[in-house]
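Hello,

Here is the model I promised to pass on. Please have a look at it first, and then read my notes below.

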There are 2 protein chains.
Amino acid sequence: MQSQNISDIIEKYLKSILADSEHVEIRRSEIAELFNVVPSQINYVIKTRFTIQNGYLVESKRGGGGYIRIEKVNLVDDADVLDTLIQVIGDSITQRDAYAVVQSLYEDEVLSHREAQLILVATDHNTLGVTDRDVESSLRARIIIGILNHLRYES
Amino acid sequence: MQSQNISDIIEKYLKSILADSEHVEIRRSEIAELFNVVPSQINYVIKTRFTIQNGYLVESKRGGGGYIRIEKVNLVDDADVLDTLIQVIGDSITQRDAYAVVQSLYEDEVLSHREAQLILVATDHNTLGVTDRDVESSLRARIIIGILNHLRYES
DNA sequence: ATAATAAAAGTCAATATTAGTCAAAGATAA
DNA sequence: TTATCTTTGACTAATATTGACTTTTATTAT
């Protein structure tokens, strides 16, 4: 029932590999062929689901023997994770990216499950209930950055 | 005999599925077609009959492979306390009163110390950064109510 | 070495496929 | 009668899919 679209299925496939190994290295055309999609759809999947907000680093090379390599990074290992995240967020963040950020913090055990849920509820589109998209996004950024700053201060 | 408008019938249909499984996942257009109504009527049914107050969580996704998913959740023991708080807050709350609410939830062990702090940061005057006091207070009310509603059930 | 060719991946915009919003019109109940 | 609830549909927004074109890198031929 769940995951009716191919992008979700490709995402799961890549993440299932990442569950075992530190990184996954693919040939774009092979994966595209495996799932019967055009090659550029692989870029779409990566761009929407393997961002730094999601805790992934991506590197690639073109030409003969080219590849795309996806690596799961642990934000906590980095001393100034929170600073990095704050920079990435800037003064505006979509609900989707906010979800990715909070999810990453949960995976890195910076936040408990409940804390993560509370933050997502607090920054949810329906919760905020403002009509203007830009206002909503900047408000969401302020709340998340406020919390991140608090977390830094705390530790 | 109760009137059986289409919205009621669709409601019963969805709830009959939820009687067996934990959740139901639909394609909006399919259900609309099944009952011969316009798609947006499904939104109406959900909005009026599957609210969080009634113990339902709804999530959805647009685009290819999109869906609407309804989940029945278990209410916690203090749900009625939370309901009362939600009523009292209404559509506006000052930072001072918000502090009192959060403080009492902490004392009642509904919230951990860290969770309480997160909520206070999220609803802080400086965090929200809106100039208009009324806007600030109603925003704070929305955030806290959103969180209280989340606390009503166990995920 | 250099130039031409091949073999990758990247970009971007058009199109397709969903769901969401909102307000007007219609129906029903108090 | 009047207020509330239901139904409808036009418009909006989000997400996914596709393909033409570009860029980068490696390999081969001269």
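**Around DNA strand D**

Gln41(A), Arg133(A), Ser7(B), Gln41(B) and Tyr44(B) come nearest among the 26 residues around DNA strand D (a residue is near a molecule or strand if one of its heavy atoms lies within 4 Å of it). Before going further: this is a predicted model, in which local features need pLDDT of at least 70 and side-chain atom pairs count only at pLDDT 80 or more, while totals for chains, interfaces and linings use all residues. Residues are numbered from 1 along each chain as its sequence is written, chains are lettered from A and ligands numbered from 1 in the order in which they are written, and side-chain values use heavy atoms, with hydrogens and water left out.

Sugar or phosphate accounts for 66% of the atoms of DNA strand D within 4 Å of the protein, and bases for the rest. Two of the polar contacts (pairs of N or O atoms within 3.5 Å) go to phosphate oxygens: a backbone N or O atom of Ile6(A) lies 3.1 Å from one, and a polar side-chain atom of Lys61(A) lies 2.9 Å from one.

Three strands of chain A form an open antiparallel sheet in the order S1-S3-S2 (two strands pair if DSSP finds at least two bridges between them). Strand S1 (23–26) and S2 of chain A are at the edges with a single partner strand each, so one side of each has no neighbour in the sheet.

S2(A) and S3(A) run antiparallel and are joined by six bridges; one pairs Leu57(A) with Glu71(A) in S3(A). The hairpin of these two strands has five residues between them, and Gly63(A) takes a positive phi near 75 degrees there.

Best wishes

Note on methods
Polar contact = N/O pair within 3.5 Å; in protein donor to acceptor, adjacent residues only side chain to side chain. Helix = DSSP H or I, 4+ residues; strand = E, 2+ residues; numbered from the N terminus.
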